[in-house]
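Please examine the sequence and the three-dimensional structure shown here before reading on.

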Number of protein chains: 2
Amino acid sequence: MRLSQLAASASVSIPTVKYYLREGLLPPGVRKSATDAEYSEEHVRRLRLIRALREVVGMPVEKIAQVLAAIDDTEADSYARLGRAIGALSDAPTADDYPRARAALEALNMVYDPAFPAVAQLDAALQAAESVGVAVTPTRLKLYARHVRAMAAFDIQHLPAGSLDDVEYAVLGTALHEPVLAALRRLEHQDLLAESRGG
Amino acid sequence: MRLSQLAASASVSIPTVKYYLREGLLPPGVRKSATDAEYSEEHVRRLRLIRALREVVGMPVEKIAQVLAAIDDTEADSYARLGRAIGALSDAPTADDYPRARAALEALNMVYDPAFPAVAQLDAALQAAESVGVAVTPTRLKLYARHVRAMAAFDIQHLPAGSLDDVEYAVLGTALHEPVLAALRRLEHQDLLAESRGG
């Protein structure tokens, strides 16, 4: 398909598609002439992913480039690609060791691997909660982890088949289901409080 | 205590405390002289809350003002104050009706009240997921809701006693435990994927 069709099929403007091509977020099409190139279904899928991360998640273009680079890294297996792509979704300060995350993961009998970016994220989140007086107690941590694991197991069982799609889907599911869970949690709080008032 | 002690006890600079006083985020102290005022433990607690929302959650000052106004609204009961304060934590476009959230809450046998801001949030999150091809299916929704409810029940059981503190604590717990849950979910995904690879 032509650039105009590519743009239309992902609901993105033509100048925006050209911008993504210039920035290297989208791979070039196959040249047909000096002014014309051919784009594929893979371009459409990639363009939709970029639009989702930019417009829905609100991610800056430089961060999107990091996520895409991790997805496209053919040297790494899908497990490593997933870790890096998900890691690029958030900023957490990196360090050699993450004592709060280490203690938490040990208490949960989970592997502590400081190279995985979600470890830095967990450490930062635990530290932030502690710093304002709402530290996550071991009891709370264990209860949260049990329920989160049950939800995560469902997610893994329901990953679509396929290779590249797999990592793309996991990135989107991570980024887009987190706000659903957060909103649900707030509504459950309200519901339970209403019940406890006898309402 | 004096302004300098107030600042030190919440680890905030003196110019920042003066800025919060000017913006009305902090109530004025009791005047002792033309240049001196007396501040209380309530000022310290409020200043810590402002610092948490600003530095840890990264909330702009105008949003913090909305959260504090909801907390301080003496006309409303603590249930309504909590709803408004939590609502002010996020931006979601408001509408008269939220069809996706309505359908979801009906499926979960939960009350649908469009006036509660987390309903707008849930609707926006469901729409965003749908728009990029990772729609939340009814099966997924029910499973998520069951586990989120169990975590929310723990939260409600463990609210500290007290009145104003109650709402302040719930605001902080909502804002600061969400990133912990998100990081845990990413780590559980990784853990389960590692297991399924036989690692």
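The structure is a predicted model. Its interface joins chain A and chain B, and each side has its own share: 71 residues come from chain A and 71 residues from chain B. The size of an interface is often given as the accessible area lost when the parts come together. Here chain A and chain B bury about 7,200 Å² between them, and carbon and sulfur atoms account for 69% of that area. On the side of chain A, the three residues that contribute more than any other three are A:Y79, A:R185 and A:R186, which supply 12% of the area that chain A buries against chain B.

The rule finds ten salt bridges between chain A and chain B. A:R185 takes part in a salt bridge with B:D155, in which the distance from N to O is 3.3 Å. Which elements of chain A give two or more residues to the side that touches chain B? They are helix 3 (41–56), helix 5 (78–87), helix 7 (117–131), helix 8 (138–157) and helix 9 (164–196). Helix 9 of chain A gives the most, with 24 residues. Sorted by class, this side of chain A has 47 nonpolar, twelve polar and twelve charged residues.

Helix 7 of chain A may now be considered by itself. Its 15 residues should span 21 Å at 1.5 Å a residue, and this agrees with its end C-alpha atoms, which are 21 Å apart. The buried residues of helix 7 of chain A include A:A118, A:V119, A:A120, A:Q121, A:L122 and A:D123. Further along the helix, A:A125, A:L126, A:A128 and A:A129 are buried as well. Just after helix 7 of chain A, A:G133 adopts a positive phi of about 85 degrees.

The last stop is A:L159, which is found in the loop between helix 8 and helix 9 of chain A. Is this residue, A:L159, buried or partly exposed? A:L159 counts as partly exposed, because its relative accessibility is 23%, and buried would mean under 20%. Neighbours within four places in sequence aside, A:L159 is in contact with A:D166, A:Y169, A:A170 and B:L193. A:A170 stands eleven residues from A:L159 in sequence, with 7.4 Å between their C-alpha atoms in space.

Key
Residues are numbered from 1 along each chain as its sequence is written. Chains are lettered from A and ligands numbered from 1 in the order in which they are written. This is a predicted model: local features need pLDDT of at least 70, side-chain atom pairs count only at pLDDT 80 or more; totals for chains, interfaces and linings use all residues. Side-chain values use heavy atoms; hydrogens and water are left out. Contact means heavy atoms within 4.5 Å. Buried area is the accessible area (1.4 Å probe) that two parts lose on being put together, summed over both. A salt bridge is a side-chain nitrogen of Lys or Arg within 4 Å of a carboxyl oxygen of Asp or Glu. Helices (H or I, at least four residues) and strands (E, at least two) are DSSP runs, numbered from the N terminus. Ala, Val, Leu, Ile, Met, Phe, Trp, Tyr, Cys and Pro count as nonpolar, Asp, Glu, Lys and Arg as charged, and the others, Gly among them, as polar. The expected span of a helix is 1.5 Å times one less than its number of residues. Buried means under 20% relative accessible area, exposed over 50%, partly exposed in between (1.4 Å probe, protein chains only).
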